[in-house]
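Here is a short briefing for someone meeting this structure for the first time. Keep the sequence and the 3D view open while reading.

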Amino acid sequence: MPPGPFIANNPNVVVLLDAKSFPTLFDVSKVEKKDLFTGTYMPSTELTGGHRVLSYLDPSEPKHAPLKNLIFFMLKSSRSRVMPEFEATYSELFDELEAELAQKGKAFFNDVGEQAAFRFLGRAYLETNPEVTKIGKDGPKLIGSWVLFNLGPLLRLGLPWFVEEPLLHTFRLPPALIKKNYQKLYEFFESSSSPIIEQAEALGISKDEAVHNILFTVCFNTFGGIKILFPNTLKWLGRAGTNLHTQLAEEIRGAIKTHGGGKVTMAAMEQMPLMKSVVYESLRIEPPVALQYGKAKRDLTIESHDAIFKVKEGEMLFGYQPFATKDPKVFDRAEEFVPDRFVGDGEKLLKYVTWSNGPETEGPTVGNKQCAGKDFVVMITRLFVVELFRRYDSFDIEVGASPLGAKITLTSLKRARV
C-alpha cells in the first residue's frame, strides 16, 4: 500500500493469500471496485481528461456498461485485422532484431518490442500506423511518462530511498507536467478512432469521454500488458531451453501445414496444445498485473485453505496474484515453469489462472470487472509464440530485472532449417 497521505480514511487492508480466498476479489456481489484499480491510491482524473475511466468504475455505476460495451465493440471490429497485422508487425520486429544481432552480437528486445507493440495496436484497432502520424516513434515514450504519473506512488524504480520516497511516494506528481505528452496521445486517438467514436455516441457516451477511455484501454491496459507479458514470456521460454524450443517448433509448423494450409489460422492454433499451455503457464507463473483490490460491501466470511476469517464492511481486500497462482495446494511444482502443465487433464487447472481479474474459464461481461480484452491478450501471446517458432528453431537470451517485467537481450537466433 502507498504511504499515509494517499490512503483515504486509512482503512484496514486484508490480504488474501491463497487460491481459495483470492476469487473473493472477483465477486462483485461481495466487493466494490469503485476507484480501486490502483488500490488505496487513486490518480488524479486530470491525467484522463477529468473523467473516471472504465478501469476505475464499479459495475453498479451507470457508465460502466456502456463503456465496457464500447471496448467490446473496438475488439470485435478489429477481429479481421489482428492476425495479418500481427504477422506483418512482428516480421518487421524480428528483421530488426536479426540486423542488430548481426551488427552488435546481441539485440535488446524491450525497446523495439514496445515500438512493435504500439505499431501493431494502432494497425489492428485503428487501421493506423502511429509511426506515420505526428506521434512518430514517440508513442512508447509518451505512454511511459504518462503511466509514471499515474502509478508513481506504487512504483519502485530502484533509486536510493532518500530520492524515491520524497519524489514518488509522498506527493502526487503534478499532472500539468505531463499535459503536453498526453495531449499528443489524445490527438492521435481522436483522429484515428472515428468508427469507435461513432459507436460511443450511439451508446450515449460523449466523444471526449470515449477518446480518453479508448486511449486508456489501448495505452495503459493493452500496451502496458504487452510491455510486461512478451518479455516475460521470452524469459521463461529462453530459460526452458532447446528441448522445449524443438517441441514447439515441430508442433507449430506441423499444425500450420496440416490445419492451416501453410498459414497461421485459428483452427491451426487450436491444434497446438503445447503452445497454448506455454502461454497459460507464462500467465500463471508471472501474471502481468499482480495486484487486485476490492472493498467489502458488507460483513463477510472468507475461507482460505486453512481457516475462515471475518471481514467487516468497508475493509479493503488486497490480493498479490502470484500467491494464488503459485499456490502449492493447487499446483504441483508451483514455483517452476512447467510447459505442459495445461495439456490434457491439466486444462482442469485453468480455473486457477486468474491474470485477467477473473478465472481463465470465465469471460468478461458488463456485470463483472474481468479484463474486456482477456481473449485478445491470450490470442496475441499465442501469436507471439507461433511467429517466434515459425521463424526460429531456438534462441538464447540474457535476462535483466526492471520494475516492470524482464529486460531481455537476445544473444542468438537460430533460423528455422525447414
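**An aromatic cluster and its surroundings**

Phe86, Tyr90, Phe109, Phe120, Tyr125, Phe230, Phe376 and Phe384 are joined into a cluster by ring pairs. The model is predicted. Its protein chain has a mean pLDDT of 93, and 93% of the residues reach 70 or more.

**Aromatic pairs**

- Across the whole structure, a search finds 30 aromatic pairs.
- One of them joins tyrosine 90 and phenylalanine 120, whose ring centres are 6.5 Å apart. Their planes stand at 70°, so this pair is edge-to-face, a label for planes over 60 degrees apart.
- Tyrosine 90 has a relative accessible area of 1%, so it is buried. Phenylalanine 120 is buried too, because its value is 0%.
- Phenylalanine 188 and phenylalanine 189 make another edge-to-face pair.
- Phenylalanine 188 is buried, with a relative accessible area of 4%. Phenylalanine 189 is buried as well, at 1%.

**Charges over rings**

- Arginine 239 places its charged end over the ring of tryptophan 236. The distance to the ring centre is 5.7 Å.
- Arginine 284 lies over the face of phenylalanine 331. In this case the ring centre is 5.0 Å away.

**Serine 193**

- Serine 193 sits in the loop between α6 (179–192) and α7 (194–202).
- Is serine 193 buried or exposed? Its relative accessibility is 1%, so it counts as buried, the cut-off being under 20%.
- The side chain of serine 193 reaches the backbone oxygen of phenylalanine 189 at 2.6 Å.
- Beyond residues up to four places away in sequence, serine 193 touches Leu126 and Ile214.

**Threonine 128**

- Threonine 128 is found in the loop between α3 and α4 (139–151).
- Threonine 128 has a relative accessible area of 18%, which means that it is buried, as this is under 20%.
- Which residues does threonine 128 contact, leaving aside its neighbours within four places in sequence? They are Gly122, Arg123, Thr133, Phe188 and Ser192. Phe188 is itself buried, at 4%.
- From threonine 128 to alanine 202 there are 74 residues in sequence. In space the two are 23 Å apart, C-alpha to C-alpha.

**Cysteine 371**

- The UniProt record, an unreviewed entry, places the feature "binding site" at Cys371.
- Cysteine 371 lies in the loop between α12 (321–325) and α13 (374–391).
- The relative accessibility of cysteine 371 is 28%, so it counts as partly exposed.
- Cysteine 371 touches Ser356 and Pro364, when residues up to four places away in sequence are not counted.

- Over residues 3–8, pLDDT stays under 50.
- For this stretch, residues 3–8, the model has 13 contacts beyond four places in sequence.

Terms used: Residues numbered from 1 in each chain as written. Predicted model: local features only at pLDDT ≥ 70, side-chain atom pairs only at ≥ 80, totals over all residues. Heavy atoms only, no water. Helix = DSSP H or I, 4+ residues; strand = E, 2+ residues; numbered from the N terminus. Buried < 20%, exposed > 50% of the residue type's maximum accessible area, 1.4 Å probe, protein only. Polar contact = N/O pair within 3.5 Å; in protein donor to acceptor, adjacent residues only side chain to side chain. Contact = heavy atoms within 4.5 Å. UniProt positions renumbered as here; feature names shortened; annotations may be inferred. Phe/Tyr/Trp six-rings, centres within 6.5 Å; stacked < 30°, edge-to-face > 60°. Lys NZ or Arg CZ within 6 Å of the ring centre and 35° of its normal. pLDDT = per-residue confidence, 0-100.
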